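I set out to look up the side-chain contacts in this model and record them here.

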Amino acid sequence: QHDLNSVVDWAKCNNMALHEDKFELLVHRHCPQNTLLNLPFAVLTQTYQVSSGNMLYPSKEVKDLGVIVSADLSWSSHVNVIAERARKVAAWVLSAFKTRDKLTLMTLYKSLVRSHLEYCCPLWNT
């Protein structure tokens, strides 16, 4: 709680406005098999309050700059989302363009589909 208050105070001192309604809490667990963290009272120890009075509760996943990060640091949900998005764009390309010329399709793939697949891939492709 002290660290969160320090960040908010620092932002106020430097005339920065923080959108506290968009704050999210992601708790990375060292040992996800620990059964004590699954008890109902464990959530109470992992809540924070921002200066506007809103409470922050732990989330299972958080989306930041288009990348979905989960609490267990698995990228499966992010990979599923971008694969689905790329599939939809590829299907749109095949339905909108009647030509099946190799050069045209490669240009469309590289400009419209591959950009979705390669966005931030050095981060999640580990």
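I worked from a predicted model, in which local features need pLDDT of at least 70, side-chain atom pairs count only at pLDDT 80 or more, and totals for chains, interfaces and linings use all residues. Residues are numbered from 1 along each chain as its sequence is written, and side-chain values use heavy atoms, with hydrogens and water left out.

Entry 1, aromatic rings. I searched the whole structure and found 1 aromatic pair. The ring centres of Trp-92 and Phe-97 lie 5.9 Å apart with planes at 90°, so I recorded the pair as edge-to-face (centres within 6.5 Å, using the six-membered ring of Trp; planes under 30 degrees apart are stacked, over 60 edge-to-face, the rest tilted). I placed Trp-92 in helix α2, residues 76-96 (a DSSP run of H or I, at least four residues, numbered from the N terminus).

I noted Trp-92 as partly exposed at 47% relative accessible area, and Phe-97 as partly exposed at 30% (buried is under 20%, exposed over 50%, partly exposed in between; 1.4 Å probe, protein chains only).

I counted 2 salt bridges in the structure (a side-chain nitrogen of Lys or Arg within 4 Å of a carboxyl oxygen of Asp or Glu). Glu-84 and Arg-87 meet at 2.6 Å, N to O; both lie in helix α2, 3 residues apart, about one turn. Arg-114 and Glu-118 meet at 3.5 Å, N to O, and are 4 residues apart in helix α3, residues 102-118.

Terms used: Helices (H or I, at least four residues) and strands (E, at least two) are DSSP runs, numbered from the N terminus.
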